[in-house]
Amino acid sequence: MKVFIERLNKTRTVQFKGRVKDLLKKLNLNPVVVLVVRNSELLTEDAVLSNADEIKIISVVSGG
Amino acid sequence: MKCRCRKKAVFENLCKVHFCAAIEAKVMKTIKKYVKPTDKVIVAVSGGKDSLTVLSLVGKYAKTIALCIDEGIAGYRDITIQDMVAFCKKNDIDYAIFSFKDEFNFSLDEMIRLLKENPCTICSAFRRHLLNKKARELGATLLVTGHNMDDESQAIMMNIMRHQLDILPRLGPKTGVVKDNLFIPRVKPLYFVSEKEVAAYAFLKGFNSTYKECPYAVHAYRASVCDFLNDVEIEYHGAKQRIINTFMKKLPILKKSPVKDMNYCKKCSEPCAGNTCKACQLLEKLWTS
């Protein structure tokens with residue numbers, strides 16, 4: 001699975017299938033401060049991901 | 001997860017349509033409570049997701065102008081301003097940009113190099129000064145900002161932890177305790193909307209806002225409080241909402257606290273707490289540095 005983390009401007013490749021909330025735990029990301037997007041669609045925390053997905057993790061915290 | 005309408009949920013248990021409608025209803029409720037139809041509303045816009053969202057929603061209620069302050073932070077503000085200008089042009093919204101460099105002869109980057117002060121202290125003093133002054137010159141009766149529930153719960157906690165109790169009455173969805181012709185009251189329509197909700201709304205509406213971090217944000221006390229509250233929110237969901245709810249219950253009592261009369265800066269005549277406003281104090285240091 002390719003995961004682009006906006007705040008770091010980096011793409012990571014991880015082996016994962018499961019729910020969004022578990023991916024965030026695996027990546028040590030706080031679900032309160034991120035949105036998770038797949039194919040331009042916003043995903044809820046219980047959405048199911050496959051290892052072939054390309055995910056974008058958007059930071060909700062303002063930069064200023 | 002599905003929305004009550006059976007469509008796929010995109011935020012908690014709401015689909016795109018019902019989520020956006022819920023946010024709009026919440027914001028409109030705040031706008032209608034604090035903004036009169038006769039108000040001349042100016043919206044402070046940086047180009048970030050919060051200010052673009054509040055500009056979009058206030059624009060549905062009243063004709064408005066976007067007011068942008070360019071502090072002069074290289075690699076940051078120049079980029080967010082591009083997003084602001086693009087948004088205003090796309091949505092046919094008038095805008096005005098004023099810069100620290102033009103108004104004070106120094107960019108924020110230059111000020112920080114010359115002064116031995118916390119960057120956020122310098123930035124906030126000049127930005128607030130300029131927002132109030134320019135909003136007034138543009139004929140505003142109200143200045144709207146994009147502060148959201150997260151910003152406000154942080155502000156409440158920061159002032160409590162610093163024991164700055166005299167500042168608490170000035171907070172709230174409509175700021176200001178003393179009425180004065182030179183001081184433009186501020187309204188925060190996103191007061192009851194969480195930062196995550198604003199981000200989700202902006203994403204779903206396609207508001208293009210480049211993610212950039214202010215290079216000086218690491219110096220902010222607020223950054224520590226923000227991280228703390230976000231960590232608490234994981235374990236105790238709704239903590240920020242409850243801070244706001246508690247504060248709103250006590251705000252009427254806080255606003256009855258004795259207040260100092262408004263003073264006017266002896267240098268620039270702008271309203272301030274002391275004899276000289278913070279902006280003029282810092283400008284004096286800049287010119288003598």
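In the predicted model, A:Ser40 is placed in the loop of chain A that runs between strand E4 (34–38) and strand E5 (41–43), where helices (H or I, at least four residues) and strands (E, at least two) are DSSP runs numbered from the N terminus. The phi angle of A:Ser40 is near 65 degrees, a positive value in a residue other than glycine. Most residues other than glycine have a negative phi. A:Ser40 is exposed, with a relative accessible area of 64%; buried means under 20% relative accessible area, exposed over 50%, and partly exposed in between (1.4 Å probe, protein chains only).

A positive phi, near 55 degrees, also occurs at B:Asp92, a residue other than glycine. B:Asp92 lies in chain B, in the loop between helix H3 (77–90) and strand E3 (94–99), and is exposed, with a relative accessible area of 67%.

A:Asn30, in the loop between helix H1 (20–26) and E4 of chain A, is buried, with a relative accessible area of 13%. The side chain of A:Asn30 reaches the backbone nitrogen of A:Val32 at 2.8 Å. When residues up to four places away in sequence are not counted, A:Asn30 touches B:Asn230, B:Asp231 and B:Ile234, contact meaning heavy atoms within 4.5 Å.

Residues are numbered from 1 along each chain as its sequence is written, and chains are lettered from A and ligands numbered from 1 in the order in which they are written. As this is a predicted model, local features need pLDDT of at least 70 and side-chain atom pairs count only at pLDDT 80 or more, whereas totals for chains, interfaces and linings use all residues, and side-chain values use heavy atoms, with hydrogens and water left out.

Terms used:
A polar contact is a pair of N or O atoms within 3.5 Å; within protein, one must be able to donate a hydrogen and the other to accept it, and residues adjacent in sequence count only if both atoms are side-chain atoms.
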